[in-house]
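Here's a walk through a protein with a ligand in it, written for someone who likes to know the cut-offs. Have a look at the model first.

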Amino acid sequence: MCGGAKYLEIQQEVDLKPYNSFGVSAIAAEFADVTDAAQLPELFAYAGHNHLPVLILGGGSNLLLVNDYPGLVIRIALTGMEFDEGSGKVQVKAGENWHAFVSECMNKGFHGLENLALIPGTVGAAPVQNIGAYGVELEQFLESVQVYDSGQDEFRVLSRDDCDFAYRDSLFKHEAGQGLIITEVTLQLSRQWQPNTSYQALQDALDTAEPTPQQLFDTVCAIRSSKLPDPARLGNAGSFFKNPVISNDKYKKLLEEFPDLPSYPVAEEGLLKVPAAWLLDALGWKGRQRGAAAVHEQHALVLVNTGSASGEDLYLLAQEMSTSVLTRFGIALQPEVRIL
Ligand code: EPU
């Protein structure tokens, strides 16, 4: 295909194994890399004409492919970053690697994202699940996103408020956000360094109360690497489930039986968040294996592909895990990972 945009190639029968961090095989009927946002209208017209469903792929690091995909997979490969020295605003294209972007911001003296170092995936996927770690969530820095609205066939800019951010959640995960493809993100970062060491485990791991940006960045990387497997070596998608939010009353009851169960405050009154990893660990899930699908040795919330696991193997293991938590604690775990 060749319109006003750059030349566009559509491939048939493509194995998505290199494009998902679990490293499972799933065949996409059709596949295209988008290197110019102007290719999106063309691709959606093509999919519409051929009655193909469309799947948008970033780094594939929050995705479990259980089946082959019968439609068109569009991989967002848009790159480029612009830094505004005076205002601290940064515009970044959706296909940039998140960690490389965080590193570039820090090196250029644009601060705030250091706590989000080493999160796998692309910039465009970051707002979808409002990535967060070590006391920081993306929404704190996001000013706007540019999207292609495939339903209306137009490009639009959405403000932070439009994005309906919540814990690991946004407009883009809901019905109202279907058909919106993030092409670019604008962040308001700080030209002044002010470390965020509110997260206890981060404070504990730092040798100083006033770390430099590089020290904070390195410490976050070290904590993550010690607990979370590198997807390049061992297929995984980070935390598989969200941390569940339960009522204070339910928490009090659980404490009678499980006095060590940790909890974290949430904004809503009368509710608390509890770590899914703790619940799973208490049930002995850490290190357990079902064929080539396994639970990580160091973290009960992380499923891994030890080599030849299929999406279905991992899915069945995840189901077993959530059923056991429901049976023992009466808590329904919700996947954080998108299951297709
Ligand atoms: N814990 C266990 N067993 C384990 C692992 C953890 O009992 O195997 C306990 C820990 O002792 C701690 C609690 O569970 O009391 C929480 O563990 P951790 O600090 O590792 O954080 P988490 O709640 O499991 C969340 C995010 C991570 C993020 C970290 C740090 C979710 C679902 N996960 O993990 O995000 O990096 O906090 O902020 O919110 C991701 O989203 O993919 C992700 C890795």
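We'll go from the domains to the ligand and its surroundings.

This is a predicted model, so to speak plainly about thresholds: local features need pLDDT of at least 70, side-chain atom pairs count only at pLDDT 80 or more, and totals for chains, interfaces and linings use all residues. Residues are numbered from 1 along each chain as its sequence is written, and side-chain values use heavy atoms, with hydrogens and water left out.

The chain is assigned domain 1 (11-76), domain 2 (81-226) and domain 3 (230-339), with bounds from an automatic or database domain assignment. The C-alpha centres of domain 2 and domain 3 sit 25 Å apart. Between these two, 6 residues of domain 2 are in contact (heavy atoms within 4.5 Å) with 6 of domain 3. About 560 Å² is buried there, 44% of it from carbon and sulfur atoms; that's accessible area (1.4 Å probe) lost on putting the two parts together, summed over both.

Now the ligand. Its shell draws at least three residues from each of domain 2 and domain 3. In total 24 residues surround the ligand (a heavy atom within 4 Å), the closest being Tyr134, Tyr167, Asn243, Asp281 and His299.

For polar contacts (N or O pairs within 3.5 Å), start with ligand oxygen atoms: one is 2.9 Å from a side-chain N or O atom of Glu336, and one is 3.1 Å from a side-chain N or O atom of Tyr199. Ser239 uses a backbone N or O atom instead, 2.9 Å from a ligand oxygen.

How values were computed. Polar contact = N/O pair within 3.5 Å; in protein donor to acceptor, adjacent residues only side chain to side chain.
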